[in-house]
Amino acid sequence: MYIVDDGIKLNIKLDMPAGNPAKCPICIIIHGFTGHMEERHIVAVQEAMNELGLATLRIDMYGHGSSEGEFKNHTLYKWLSNGMAAIDYVKTLDFVTDIYLCGHSQGGLTAMLLAAMEKEKIKALIPLSPALVILDGARKGNLLGQPFDPENIPDKLVSWDGRELSGNYIRVAQTLHIEDAAAKYEKPVLIVHGDQDEAVPVEYSIDAAKLYKNCRLELIPGDTHCYDNDLPAVIRAVKDFMSGMLNK
Ligand code: FER
């Protein structure tokens with residue numbers, strides 16, 4: 001299945017909870033930089049949500065997974081546009097009651113920005129190891145472990161896997177501010193972050209949690225960026241938070 005955002009086909013997957021209820025909430029789940037919807041930690045969140053009685057919509061973002069668009073041309077603006085398209089799509093589904101938004105890393109950052117833009121539609125926000133280091137690194141001149149002059153943005157960066165990334169990625173990231181987004185979104189937020197994250201230092205989430213009016217922060221001791229050591233603890237935190245939301 002796919003949706004189209006500005007002429008670009010985006011691969012989506014809708015998973016229903018057991019029993020195919022006539023009405024239920026849905027959670028949109030967004031993967032990270034170089035990621036896709038079938039990653040182990042993305043599927044684990046999907047399954048947890050389905051077990052709780054929510055439908056899920058996983059989406060491969062621009063330039064990622066089985067979606068169209070070139071990796072090198074992806075930016076957070078394109079991902080925000082994709083996110084808005086996903087929200088517009090779930091609004092057309094008759095069974096949907098409430099909409100929740102979850103994302104990992106760059107997808108978590110996208111979810112934070114998107115929740116502010118669509119605050120009236122998003123019941124709660126669940127950023128997992130959100131990659132706030134991207135905004136900071138774009139301004140300070142260090143992304144993907146590569147230093148650059150933030151006032152003279154290079155034409156390209158080289159990603160971890162050797163693929164090129166346009167300098168426009170940096171230009172876009174320099175315009176985005178998590179402080180504005182966090183101030184705007186007053187509904188419940190759960191941030192989960194491993195305290196041994198090698199890609200996004202946990203301090204970013206500790207600081208971000210303080211910016212939200214209604215935020216719970218779950219730090220996972222000894223865990224990495226993609227939860228190699230304790231994915232079950234991440235899922236427990238997500239399920240506990242979501243159970244609280246559903247019982248309200
Ligand atoms: C970076 C650190 C982390 C970066 C991207 C990320 C583009 C994103 C990680 C992810 O989404 O998993 O310097 O630069």
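**The sheet, its helices and a buried isoleucine**

Strands β11 and β12 run parallel to each other and are joined by six bridges. Everything described here comes from a predicted model.

Zooming out, these two strands belong to an open sheet of eight strands, and the order reads β1-β2-β4-β3-β5-β6-β11-β12, with mixed pairing. The edges go to β1 (2–5) and β12; each has just a single partner strand, so one side of each is left without a neighbour in the sheet. On average, neighbouring strands are turned by 20° against each other, direction ignored. Helix α1 (residues 40–51) packs on this sheet, where it touches β2 (8–15), β3 (24–30), β4 (55–59), β5 (96–104) and β6 (122–128). The direction of α1 makes about 160° with that of β4. Helix α2 (residues 76–91) lies across β1, β2, β3, β4, β5 and β6, and its run is at about 125° to β1.

Over at α7 (residues 203–211), the buried residues are Ser-205, Ala-208 and Ala-209. Looking down the axis of α7, these buried residues fall within an arc of 105°, so they line one face of the helix.

Leaving aside residues up to four places away in sequence, Ile-191 touches Ser-205, Ala-208 and Ala-209, along with Cys-215, Arg-216, Leu-217 and Glu-218. As for Leu-132, which is 59 residues away from Ile-191 along the chain, the two C-alpha atoms are separated by 12 Å.

Finally, the pockets. The largest pocket has a volume of about 390 Å³. Its lining is made up of 24 residues, and those nearest the centre are Phe-33, Ser-105, Trp-160, Ala-199 and Val-200. Both α4 (133–140) and β7 (142–143) contribute to the lining of the largest pocket, each with at least two residues.

Conventions. Residues numbered from 1 in each chain as written. Predicted model: local features only at pLDDT ≥ 70, side-chain atom pairs only at ≥ 80, totals over all residues. Heavy atoms only, no water. Buried < 20%, exposed > 50% of the residue type's maximum accessible area, 1.4 Å probe, protein only. Helix = DSSP H or I, 4+ residues; strand = E, 2+ residues; numbered from the N terminus. Arc of directions from axis to C-beta. Pairing = 2+ DSSP bridges. Axes fitted to C-alpha atoms, helices over the stretch in contact; angles between N-to-C directions. Contact = heavy atoms within 4.5 Å. 1 Å grid on protein atoms, 1.4 Å probe; cavity = no way out; pocket = protein on both sides within 12 Å on 5 of 7 lines; lining within 4 Å. Points joined across faces, edges and corners; volume = space filled by probe spheres on them.
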